[in-house]
Amino acid sequence: MVIKHKNIFKTESAWSNADDLLLCLDTGSWRTERPVLDKEKCNYCGLCALFCPPQCMKDMGDHFLPDLAYCKGCGICAQECPRDAIAMVSEGEFADEG
Amino acid sequence: MKAKKGQVRVITGNAVAAYGAMVCRPEVVAIYPITPQSEIAEQLATFHAGGILDAEMVEVEGENSSMNVVCAASIAGARTFTASSSYGLVFMYDALQEASGFRAPVVMVNANRETPGIHAVSSGQQDMISARDTGWVQIIVENDQEILDQIIMAFRLAEDYDIQLPVMVNYDGFYLSYLAEAVEIPVIEDVDNFLEPLKHQPERQKLVPGVSMGCGTHGMEMGYVEARYKHCQALERVKNKVDEIDKEFGEYFGRSYGGQIEEYQTKDAEIVVLASGSAAGTVRTVVDAKRAEGVKVGMVKLRLFRPFPAERLIDALKGKKAVGVIDRSLCFGWKYGPICMELKTLAVNIGSIPILSYIDGLANLDVNVPHIERVIDEVNAAAQGKPYQEVTWIPMEE
């Protein structure tokens with residue numbers, strides 16, 4: 001058997017850096033609602049980032065913001081936020097942004 | 001260099017399994033008790049309470065959790081051990097596949113018992129057979145001493161850098177679980193010596209706090225294909241590694257088991273019985289008796305079930321005139337027993353000889369001497385060109 005495939009993983013198992021390779025699918029296109037943060041309410045507790053299934057909440061230093069290329073709009077961050085600082089807003093509201 | 005003489009104790013197969021795990025110094029143990037394996041959990045808890053076993057003992061609410069705990073601990077770098085049987089093994093089915101898919105070198109004991117559907121709390125290999133496509137290495141042992149020795153060898157195999165796969169050591173539940181035999185328990189420092197080569201290998205990838213590495217995720221398209229290809233290649237490497245480790249174990253501890261298969265009186269044999277587990281002991285006795293009557297019969301004991309030891313079996317069976325296979329389980333959707341069905345895939349390499357399938361020893365029914373005599377007589381007749389029955393459920397004809 002002639003292997004033409006160039007290995008993606010250096011390891012035996014599928015190990016990779018979660019900071020980049022984990023976010024390898026453009027799941028942002030699945031979204032119908034997006035999380036919108038009220039920075040005044042946010043106290044930078046990090047629960048939204050902890051609970052985010054695709055781990056796409058970016059640490060901005062004093063608050064977190066979703067990486068919209070990967071955010072599926074599941075709303076878990078908004079559900080978990082103890083200060084109700086995240087609102088889920090219909091994508092239709094952002095239609096003008098293209 | 002030879003190992004020192006260990007202490008000889010008369011203990012049950014389950015207690016032996018606990019000793020086997022303990023002397024390998026596992027760091028995380030999570031076992032949910034189930035008949036006929038519960039004594040392993042009890043014994044390891046006793047070792048832990050007495051300060052003999054320095055491990056994290058995780059109390060779990062079910063088998064699915066036990067396998068997930070040891071799998072996660074294993075990818076964090078811990079040496080891990082668990083045990084189960086029947087319904088328990090079925091309940092951890094997804095976690096079994098995660099452990100092998102993550103290439104987590106977990107070692108577990110499975111005390112063979114019949115599976116759900118017909119509530120038979122009794123011995124049989126159906127549970128192990130039902131888990132054959134989970135990507136694990138599966139080894140079947142025959143007696144109490146072999147349980148202990150194989151667990152030590154299993155850690156050496158699982159954690160080998162070239163392998164990195166979980167290993168399941170199977171023994172006949174009820175028969176060996178509760179059978180007390182004289183067993184030599186090695187000195188723990190000698191087990192350390194035997195496992196020492198693992199420390200000199202490259203370090204496998206592990207979860208480290210603060211380092212955001214993920215395992216087993218995002219296997220889309222070629223990521224999936226590559227990981228599965230590597231997994232299958234590693235399983236192929238297991239075969240020779242099992243032979244090498246068995247040989248090294250024999251040189252150091254003075255006991256060896258033939259590696260992937262044990263061949264008994266096969267060199268000049270014309271016919272062979274293929275068996276596994278505790279029944280192999282009885283087959284050996286009957287082979288001796290039949291040899292005394294002039295029948296040129298031998299036995300092959302299947303030790304490695306996954307990966308299937310195709311090359312060793314072809315070597316052992318090539319040129320024989322007929323083979324009888326005793327299966328202690330069923331292959332739903334095939335009329336032959338599972339081991340027989342797999343052996344038949346090698347027919348093109350072995351030669352077109354009669355391969356007779358025998359279903360026996362289900363649900364605690366003994367694979368006894370008259371049964372094996374019958375098998376040998378029928379296989380012998382088939383070897384001489386007489387008509388034969390392809391599949392025989394022995395208890396149904398009694």
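Me: How many bridges join S11(B) to strand S12 (residues 297–302) of chain B?

Reply: The model is predicted, so local features need pLDDT of at least 70 and side-chain atom pairs count only at pLDDT 80 or more, whereas totals for chains, interfaces and linings use all residues. Residues are numbered from 1 along each chain as its sequence is written, while chains are lettered from A and ligands numbered from 1 in the order in which they are written. Helices (H or I, at least four residues) and strands (E, at least two) are DSSP runs numbered from the N terminus, and two strands pair if DSSP finds at least two bridges between them. S11(B) and S12(B) run parallel, with B:Leu274 standing opposite B:Val300, and the bridges that join the two strands number five.

Me: How many of the five residues of strand S11 (residues 271–275) of chain B are buried?

Reply: A residue is buried if 20 or more other C-beta atoms, placed from the backbone, lie within 10 Å of its own, exposed if 12 or fewer do, and partly exposed in between. In a regular strand the side chains alternate between the two faces of the sheet. Here B:Ile271, B:Val273 and B:Ala275 point one way and B:Val272 and B:Leu274 the other way, all of them buried. S11(B) is largely enclosed by the rest of the structure, because the number of its residues that are buried is five of five.

Me: Which residues is B:Val167 in contact with, leaving aside its neighbours within four places in sequence?

Reply: Contact requires that the C-beta atoms of two residues, placed from the backbone, lie within 7 Å. With its neighbours within four places set aside, its contacts are B:Val107, B:Trp136, B:Val137, B:Ile139, B:Ala154, B:Leu157 and B:Ala158.

Me: Which element gives the largest share of the side of domain 1 of chain B that touches domain 2 of chain B?

Reply: The domain bounds, which come from an automatic or database domain assignment, are 7–253 for domain 1 and 261–397 for domain 2 of chain B. Their centres, taken over C-alpha atoms, are 28 Å apart, and the contact takes 26 residues from domain 1 and 22 residues from domain 2. Helix H6 (126–130), strand S6 (137–140), strand S7 (167–172) and helix H9 (222–253) of chain B each give two or more residues to the domain 1 side. The largest share of that side, five residues, comes from H9(B).

Me: What radius of gyration does chain A have?

Reply: The radius of gyration is taken over C-alpha atoms, and the globule rule is 2.2 Å times the number of residues to the power 0.38. The secondary structure of chain A comes to two helices and five strands, and its C-alpha trace spans about 60 × 30 × 20 Å along the principal axes. Buried residues make up 22% of its 98 residues. A compact globule of 98 residues would have a value near 13 Å, but chain A has 17 Å.

Me: What distance separates the C-alpha atoms of A:Cys45 and A:His63?

Reply: A:Cys45 lies in the loop between strand S2 (33–37) and helix H1 (47–51) of chain A, and A:Cys45 is partly exposed, with 14 other C-beta atoms within 10 Å. A:Cys45 and A:His63 are 18 residues apart along the chain, and the separation of their C-alpha atoms is 8.2 Å.
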